[in-house]
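Please read this briefing alongside the sequence and the 3D view.

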Amino acid sequence: MQEVAYQTGTFEDANGPPMRARGLWSDAFRALRRNRMAMLAVVILLLLALLSASTAFTQAIARYSYSDQLYQHVMEGPSWSHFFGTDYLGRDNWSRVLTGVSISLEIGVGAQIIVLAIGVSVGVAAALGGRVGDSALMRLTDVTYAFPDLLFIILLRSVLLGRHMPVLGEPRLQVMLAIALVNWTTIARLVRGQMLSLAEREYVTAARTLGASNWRIVTRHMLPNTLGPVIVAFAFGIPFAIFAEAALGFLGLGVPAPMPSLGSLVTDGYNHMSNVWILVFPAGAIALLMLCFTFLGDGLRDALDPRQR
Amino acid sequence: MRRNISFIFLTALAAFFCLALAACGGSEAKMSQTITVDKAAPADQQVLVAQSSEPEFLDPQLSNFEGDVAIERMLFRGLYELQLDSSNNVVAVPAMAADEPQVNGNVYTITLKDNLEWSDGQPLTAQDFEYSLKRECSPDVAAPYQYLLGAGMLDLVGCDDYFNGQGTADGVGVKALDAKTLQMTLTAPKPTFTTIMSLWPTYPLRKDVIDKYGANWTDPANIVVDGPYTLTEFVAKDHATLAPNPNWALDPKPQLQKVTIKFIDDMEVAFNAFQTGELDMTQVAATDIPTIQNDSTLKSEYLQVGSLRISAVEMQMQNPVLANPNVRLALSRAIDRDALVNVVYNGAYLPATYWLAQGLPGYQGNDAFQSIIGYDPDAAKQALADAGYPNGQGFPKLTLTVADDPVRQAEGQFLQQAWKQVLGIDVDIQAADRATGADLYNSGNFELFQGGWQNDYPDPENSLIGVFNTDGANNQHACNDPDIDAKLAAAGAETDNATRIKDLQEAETLVVTRLCGVAPLWQGAVLYLVNSKVGGVRPNGAIDAAMPGNWCPECWFIKAQ
Amino acid sequence: MAGYIIRRVLQLIPVLWAVATITFLLMHLVPGGPFTQDKALPANIVDALNRRYHLDQPLWKQYLLYLWNLLHLDLGLSFRGDRDVSQLIRDGFFVSAQLGVLAFVVASVVGLALGVLSALNHNRFLDYFGVFFATAGAALPSFVLASFLVVVFGVKLGWFEILGWGGPIQFSHTLDPSAWEWRKLVLPVLALSMLPAAFIARVTRASMLEVLNQDYMRTARAKGLSKLTVVWRHGLKNAMVPVLTVMGPCAAMLVTGSFIIERVFSIPGVGRAFVEAVADRDYAMIMGSTLFYAAVIAVANLIVDVLYAAVDPRIRYR
């Protein structure tokens with residue numbers, strides 16, 4: 001049985017000291033606040049989220065719909081009437097990038113939420129499932145881990161593409177699902193490792209002696225203490241999800257037109273190089289999102305892991 | 001680090017914009033090359049061509065894709081070959097045959113030219129043609145284009161029976177009377193005889209080579225050809241190399257010493273490689289036209305060749321909404337084909353309301369149909385109202401199935417927008433990759449499909465028969481019209497060419513005016529870039545998209561610099 | 001340790017079997033088959049083709065047939081031209097491995113150097129530059145970067161070539177270095193190595209910083225050892241542990257070939273072959289490449305685990 005937990009994306013091993021459920025969260029939050037890069041990242045992300053979400057309610061900021069095609073203004077560069085220029089069908093780039101940011105964020109965060117759900121469930125089940133459960137779930141994790149990521153995403157997406165199904169038919173959900181199904185192993189291993197080590201701690205033994213049920217122990221004592229590294233993994237996983245969506249868009253397996261995700265916008269730019277601005281702005285948006293999530297993740301890791309101070 | 005956030009961000013932004021500016025800075029002026037007729041020294045006679053698909057097979061009778069056929073055209077030559085005459089019409093002229101066939105009722109007799117040889121020195125005989133034609137009908141080979149020799153097409157006696165297991169090879173109506181004379185028996189005389197006999201399924205093959213090497217007979221070490229070039233190297237997924245065949249019997253003899261065909265499926269990659277000089281000839285996408293127009297060198301190297309391809313919105317007639325002719329009329333009249341061609345395809349294609357492509361005998365053009373199904377927003381709205389959906393109210397949401405390549409998707413979005421703006425209806429776009437789309441199409445499982453028709457050979461019967469007759473093999477849009485069926489049946493049985501063409505024209509008129517399953521959009525062209533140092537590239541009509549001037553690859557040469 | 005390695009290799013077998021089964025199922029769920037054409041092939045021809053490739057058998061039979069062949073290490077024939085799948089994968093891997101190894105070397109050298117330099121010059125200019133590179137390098141998807149490189153350095157400036165692979169494409173070409181074109185090597189390797197380089201730089205820097213702050217480092221300096229000895233012998237070795245965890249998956253990813261880079265530069269590697277196989281519904285090729293990838297990733301992980309234990313004496317495998 002492997003003793004080492006895989007931590008791609010995070011650098012501490014799983015056997016850190018436990019954190020007390022209260023008091024340490026406010027400490028962590030204060031530490032995060034002091035990290036100016038992380039705070040800047042949060043501010044930018046909130047700003048982006050607000051700006052892009054605004055397109056759902058009002059056109060004041062976007063100024064154009066992302067799908068309106070103005071044939072008199074095809075392939076223009078940036079100007080006052082079109083901040084980011086127009087694309088090959090005369091659509092306003094600024095509005096498309098804003099919408100793209102919101103869709104990419106939606107997919108990135110959505111995929112990670114599914115990852116969280118699957119990863120935590122599998123991790124907890126593995127840790128508490130005894131030798132058999134643990135073994136079986138760890139084999140499942142191995143198989144998923146062995147599967148080359150993008151290959152699996154492509155296959156899964158090809159299977160679901162073009163089929164009319166009630167819930168799963170929504171393309172954004174399909175993309176989120178495809179990305180999440182390859183990405184949950186990190187969190188599962190993390191949670192399992194943490195839970196296994198925490199199970200040996202005195203306070204758990206104490207709680208059990210006092211008659212607390214397994215469920216209560218897990219939810220009240222153990223899970224909160226695993227949350228630190230899990231939150232960090234969650235934050236670092238969002239950039240991966242956004243990248244994966246961009247790659248899918250490049251291969252033609254992303255969200256369908258005219259919905260602009262940053263991935264499909266970048267692909268459009270690649271295919272219409274005569275107007276570089278179609279490529280530059282979405283690429284810039286991806287880079288900005290990545291930078292922000294990276295700094296945020298760093299900040300969270302610094303704040304939540306006292307050893308790093 | 002914490003003190004210099006702004007520094008980092010500003011540097012990042014600066015780097016970004018530097019890259020962007022560099023990328024959109026003007027291209028470097030290349031020295032324009034003087035065009036002479038002199039040919040370069042043999043050592044320089046090498047050409048690098050891009051082809052978007054890797055060939056599956058180099059056996060002409062197993063081939064299903066343009067990528068295969070394009071290379072086979074350079075390796076083999078049949079009894080006849082296709083050329084463009086002075087008025088740019090496609091004609092079949094004798095290649096290995098000495099002359100037009102002698103027709104005696106249903107019996108066609110062809111005499112071969114003298115002194116024809118294979119690349120290994122063996123004489124090319126009529127027996128080679130007999131073997132090859134029988135093989136094309138063989139059930140063991142399962143040739144995808146066997147139907148070209150069968151009923152309704154060439155109508156070679158016994159071919160379908162043999163293929164379906166109800167006959168033998170001896171029952172097939174082709175016989176070599178002697179080494180230079182081939183006799184073929186059809187069920188009825190066919191005006192399209194020489195055209196079909198120039199196509200790849202009829203290329204001669206060497207029985208002894210195929211028997212000896214089996215499936216590996218097309219390996220460079222084993223292959224024996226009768227065409228202008230022979231295969232010297234084949235690296236899977238990368239490239240194929242050809243060299244001149246010293247025993248090539250016809251004229252002109254190839255000037256090129258080496259042709260390298262690289263398999264590149266992404267057109268942007270090929271376009272970039274052309275600009276760096278790593279490719280001499282390639283196809284380009286319509287989206288690159290603005291870049292090409294803005295560069296004087298590229299502009300002079302750009303070649304646009306009309307193709308026998310009509311793109312259309314296919315409408316599933318079995319769908320109750322689309323079965324209503326007014327609905328189909330509304331959909332067709334809401335599309336501004338001129339704008340579509342200009343915006344999405346940068347003017348490279350021809351707006352079309354017709355079905356028989358320009359270049360085909362019987363072409364009628366837009367004049368006949370523009371006023372009936374062409375762009376007219378008011379008429380479109382009226383038609384929709386007549387159908388029972390004034391202003392689009394109550395109209396169900398339809399789905400348009402679109403290919404996943406970027407230009408086709410742009411067109412899909414254009415159509416979606418047009419229908420929304422003119423008719424007020426919502427149409428969903430469903431992107432499908434090639435195999436999924438083909439699957440949906442072939443099972444008729446679509447409502448609106450971004451399809452059309454590409455001719456297999458340059459005759460109007462290929463555009464209509466099988467495509468619009470009830471139970472036609474390619475009638476996935478379920479056109480079911482007794483008048484059309486009658487016209488197509490008449491045309492298929494007609495032996496007088498002029499009458500036959502007229503019948504087909506009338507069938508076209510019925511199909512288009514009744515929008516029986518299709519609303520034509522544009523006639524395509526194939527776009528190429530040919531480096532100015534390459535000469536002898538004769539644009540050929542139509543069917544061949546992979547390489548420019550593919551009907552006469554022996555005509556290519558490198559000009560002296 | 002030997003027992004551990006053997007156990008891990010044996011564990012590979014059920015994992016690969018599971019991968020094969022899942023791929024088989026998914027593959028047959030993808031709509032369209034290998035013989036679906038834009039114009040429908042006549043039914044009798046489709047039947048003949050299906051019969052030739054055993055596609056007319058019920059699915060469970062096809063599955064068992066495949067597993068049986070797999071046990072004989074026979075990966076089957078590709079639908080495109082009846083070519084041997086193992087041959088195709090071998091040829092493709094030959095190219096992808098070159099690309100991956102070169103990118104790995106570049107990424108490691110650049111990443112390690114930058115990481116160490118950053119850590120040693122903490123909070124000074126070199127550090128800022130290192131952090132900037134590390135975050136910016138990881139901020140762009142590889143194909144965006146590749147597109148920029150192609151357009152700027154290939155098309156506009158003409159410094160490098162962008163079509164194909166500059167090294168030997170087939171094994172038989174290896175012994176003829178004069179045929180290699182180094183100008184084609186630069187851009188794809190650069191595009192592929194940027195992200196792992198940035199990643200490795202980040203991890204190295206963080207790890208080195210942590211190690212540099214340790215008491216034993218100060219003790220060693222106080223004892224009079226030169227800075228170079230301290231950094232090299234005491235610092236780097238201890239800092240390598242977390243770096244190795246990152247390098248392992250990086251190596252696997254690089255060696256199996258980034259198919260986006262392979263597509264943008266038209267390099268005939270395994271990654272591009274896989275994407276084309278999915279588009280073509282080339283079942284044998286899809287299965288073969290997926291299994292191949294899984295095996296490579298598993299082996300790479302095993303190597304990393306072993307190295308991990310070798311470098312960090314605290315880790316022992318039961």
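How many residues does the contact take from chain C and from chain B? The contact takes 46 from chain C and 41 from chain B. This is a predicted model, and confidence comes up again below.

- Six helices of chain C each give two or more residues to the side that touches chain B: α2 (43–52), α4 (85–120), α5 (125–137), α6 (142–156), α10 (259–264) and α11 (270–280).
- Of these elements, α6(C) gives the most to the side of chain C that touches chain B, with seven residues.
- By class, this side of chain C has 24 nonpolar, eleven polar and eleven charged residues.

**Contact between chains A and B**

- Here the contact takes 25 residues from chain A and 27 residues from chain B.
- On the side of chain A that touches chain B, α2, α10 (262–271) and α11 of chain A each supply at least two residues.
- The most comes from α10(A), with four residues.
- The residues on this side of chain A divide into 15 nonpolar, eight polar and two charged.

**Nonpolar core**

- The largest nonpolar core has 353 residues.
- Within this core, the residues with the most contacts are A:I179, A:I286 and C:I200.
- Helix α11 of chain A, residues 277–304, gives the most to this core, with 20 residues.
- Leaving aside residues up to four places away in sequence, A:I179 touches A:A111, A:I153, A:A241, A:A244 and A:E245.

**Chain C in outline**

- Chain C has twelve helices and zero strands.
- Its C-alpha atoms fill a box of roughly 85 × 55 × 40 Å along the principal axes.
- Chain C has 318 residues, and buried residues make up 48% of them.
- Among contacts in chain C with a separation of 6 or more, 73% join residues 24 or more positions apart.

**Helix α11 of chain C**

- Is α11(C) largely enclosed or largely open? Nine of its eleven residues are buried, so α11(C) is largely enclosed by the rest of the structure.
- The buried residues of α11(C) are C:V270, C:G271, C:R272, C:A273, C:F274, C:E276, C:A277, C:V278 and C:D280.
- Charged side chains are on that buried list too, including C:R272, C:E276 and C:D280.
- α11(C) is also one of the elements that give two or more residues to the side of chain C that touches chain B.
- Just after α11(C), C:R281 takes a positive phi of about 60°.

**Backbone exceptions in chains A and B**

- Most residues other than glycine have a negative phi, and most peptide bonds are trans.
- A:M75 is not a glycine, yet its phi is positive, near 55°.
- A:M75 sits in the loop between α2 (36–57) and α3 (93–128) of chain A.
- Is A:M75 buried or partly exposed? A:M75 has 19 other C-beta atoms within 10 Å, so it counts as partly exposed.
- B:A142 also has a positive phi, of about 55°, although it is not a glycine.
- The place of B:A142 is the loop between α3 (126–136) and α4 (159–163) of chain B.
- B:A142 counts as buried because it has 20 C-beta neighbours inside 10 Å, and 20 is the cut-off for buried.
- A cis peptide bond joins B:D251 and B:P252, with omega about -5°.
- B:P252 lies in the loop between β9 (239–244) and β10 (258–263) of chain B.

**Confidence**

- Chain A averages a pLDDT of 77, and 84% of its residues score at least 70.
- Among the elements of chain A, helix α8 (residues 202–209) has the lowest mean pLDDT, 71.
- The highest mean in chain A, 88, belongs to α3(A).
- Over residues 1–13 of chain A the pLDDT is below 50, and this stretch has 34 contacts in the model beyond near neighbours in sequence.
- Chain B averages a pLDDT of 87, with 93% of the residues scoring at least 70.
- In chain B, pLDDT stays under 50 over residues 1–36.
- For residues 1–36 of chain B, the model has 40 contacts beyond four places in sequence.
- Where pLDDT is low, the predicted coordinates should not be read in detail.

Notes. Residues are numbered from 1 along each chain as its sequence is written. Chains are lettered from A and ligands numbered from 1 in the order in which they are written. This is a predicted model: local features need pLDDT of at least 70, side-chain atom pairs count only at pLDDT 80 or more; totals for chains, interfaces and linings use all residues. A residue is buried if 20 or more other C-beta atoms lie within 10 Å of its own, exposed if 12 or fewer, and partly exposed in between; C-beta atoms are placed from the backbone. A nonpolar core is a set of buried Ala, Val, Leu, Ile, Met, Phe, Trp, Tyr and Cys residues joined through C-beta atoms within 7 Å. Two residues are in contact if their C-beta atoms, placed from the backbone, lie within 7 Å. pLDDT is the predictor's confidence in each residue, from 0 to 100.
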